[in-house]
Each structure stands twice: as C-alpha cells, then as structure tokens.
Amino acid sequence: MSLYRDEGVVLRTQKLGEADRIVTVLAKRTGKIRAVAKGVRRTTSRFGARLEPFTHVDLQLHTGRTLDVVTQAETIRPYGEVLAADYPRYTAGTAMLETADRLTHGEKEPALRQFLLLVGGLRTLADREHEPRLVLDAYFLRSLAVAGYAPALEACARCRAPAIRAFAIVAGGVVCGACKPAGSAVPAGETIGLMTALLRGDWAAADASDQRHRNECSGLVAAYLQWHLEHGIRSLRHVEREPV
C-alpha cells in the first residue's frame, strides 16, 4: 500500500454504493485527485463533513488500482459553512469549483497555481472583502491566464495596434477597427478597464467601478471563459447579477 499526503479543496462528490462517496479534490502538489471515501455517508463516519465541496482539507490517501482511497481527513478551513449562508457568494463559489474542475483536465497533473487561485478566491468570498461577482470575474480571468488563455486587453489581439474598437472572443480579446470581426461586442472603455483591473488585482479600481460596467464585464468574461472551455458552466445560471 502506497500512502501519500496532500492538502486540497473538495470540488465535487458523487455517491458510490450504499455508504461511500467518490470525492474530486484539487490538491496542492498532486493536482486533481479522484478518491473513494469509504463509509462517509454513514452518520457515524469519522470525516463525512470534512469531505464536502468547498472544504480546504488535509488528506492522507493510499494509491488504489483505479481510485485512491481516503484514509484520513482534517479540515483546514470549511469555506462551505460561511458561503452557504449567503446565496450570491455560494453560487459564485460553486462556479469557481466547476471552473477549477474544467480547467484541470488530467488527474494527478500538478496544478499549483490553479490551486492557489481557487483557495484565494474562496477565502476572498468568505471574508466578504469584495462584491461576489467581482471576485468571481477576477477568478475567471486569472485562472484563464494561468491556463494560457489570458485575453488581450491593452492592444489589438491580432495586430497589436493600440487603437481599440471592440472585444472579439474568437480573436482573443480587444481588437482594432481593421481587425474587428463581424458580431464583435463594443463595450465601454470603462468595462475594459475593469477587466484589466480584475486581471491585475487592482481592487481599488474594481471596487470603485459602476454597476453597469460590472454587468457588461461579467457577460464578456463568462462568454470568453465558456468559449475557451468549449463547455458551458452550468452553475453560472444561478449566479446573481445586480441590476443596472
């Protein structure tokens, strides 16, 4: 039996048999892990509540032939307890978990930067430092950047010209008038500025933004993310947007 230990965030769970669960965890050193938590659905389970989505947990596992097996679990921080009491923050956190799962394709492929982004995003949501949709959009943009899909925001994505006229998802970000494809969005300059602030972590600028620019930013970021994932983020339909 090969034992190993790692810390991670529980992304999702699914039932297995009458009392077990398969847990999917994004771990700090190992990357994405799918493991069996035996007996976790019994009321007498030693670590059932520690293996729920949103939980930052320290795990000991042993390697199995198809799925690893959780042998120990200790909670580092139970983000779910805080987020569950606040619907906008809970839905934003759910979208983060789903995105982290989508962006880490292979199992046991180290993804340290994605792990750190996820933990930081959940911590920021739980600490109520910023409006939840801003936190979510910042997480989307930064996780895309780590995956190699950062949108061009300061010069044309195609020719690098500084004169920006539109935002084209298929082109990879902002474009000039000459490179603008049909159907491109034409957002306000303040919206592009907000996207830049979120990508850079300039929270002073992001927090001072107008709601209409936040809404426009959210729509562009969500579309850009889902285009690159080639798959919709189901939990996004539940994420609340503030009225203009």
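In this predicted model, the axes of helices H5 and H7 (lines fitted to C-alpha atoms over the stretch in contact, with angles from 0 to 180 degrees between N-to-C directions) come within 9 Å and cross at roughly 65 degrees. H5 and H7 are therefore roughly perpendicular to each other, a label that covers angles of 65 to 115 degrees. The crossing is right-handed, meaning that the near helix is turned clockwise from the far one by less than a right angle. On the H5 side, the contact (heavy atoms within 4.5 Å) is made by Glu 190, Thr 191, Leu 194, Met 195 and Leu 198; H7 contributes His 213, Arg 214, Glu 216, Cys 217, Leu 220 and Val 221. Six of these residues are nonpolar, two polar and three charged, where Asp, Glu, Lys and Arg count as charged, Ala, Val, Leu, Ile, Met, Phe, Trp, Tyr, Cys and Pro as nonpolar, and the others, Gly among them, as polar.

H5 and H7 also meet helix H4: the buried residues of H4 pack against H5 (189-200) and H7 (211-229), as well as H2 (87-103), H3 (112-126) and H6 (203-207). Helices here are DSSP runs of H or I with at least four residues, numbered from the N terminus. H4 is mostly covered, with 12 of its 15 residues buried, that is, under 20% relative accessible area (1.4 Å probe, protein chains only). Among them are Arg 133, Asp 137, Tyr 139 and Phe 140. Just after H4, Gly 148 takes a positive phi of about 95 degrees.

Residues are numbered from 1 along each chain as its sequence is written, and side-chain values use heavy atoms, without hydrogens or water. Local features need pLDDT of at least 70 and side-chain atom pairs count only at pLDDT 80 or more, while totals for chains, interfaces and linings use all residues.

Note on methods
Buried means under 20% relative accessible area, exposed over 50%, partly exposed in between (1.4 Å probe, protein chains only). Helices (H or I, at least four residues) and strands (E, at least two) are DSSP runs, numbered from the N terminus. Angles under 35 degrees count as roughly parallel, over 145 as roughly antiparallel, 65 to 115 as roughly perpendicular and the rest as oblique.
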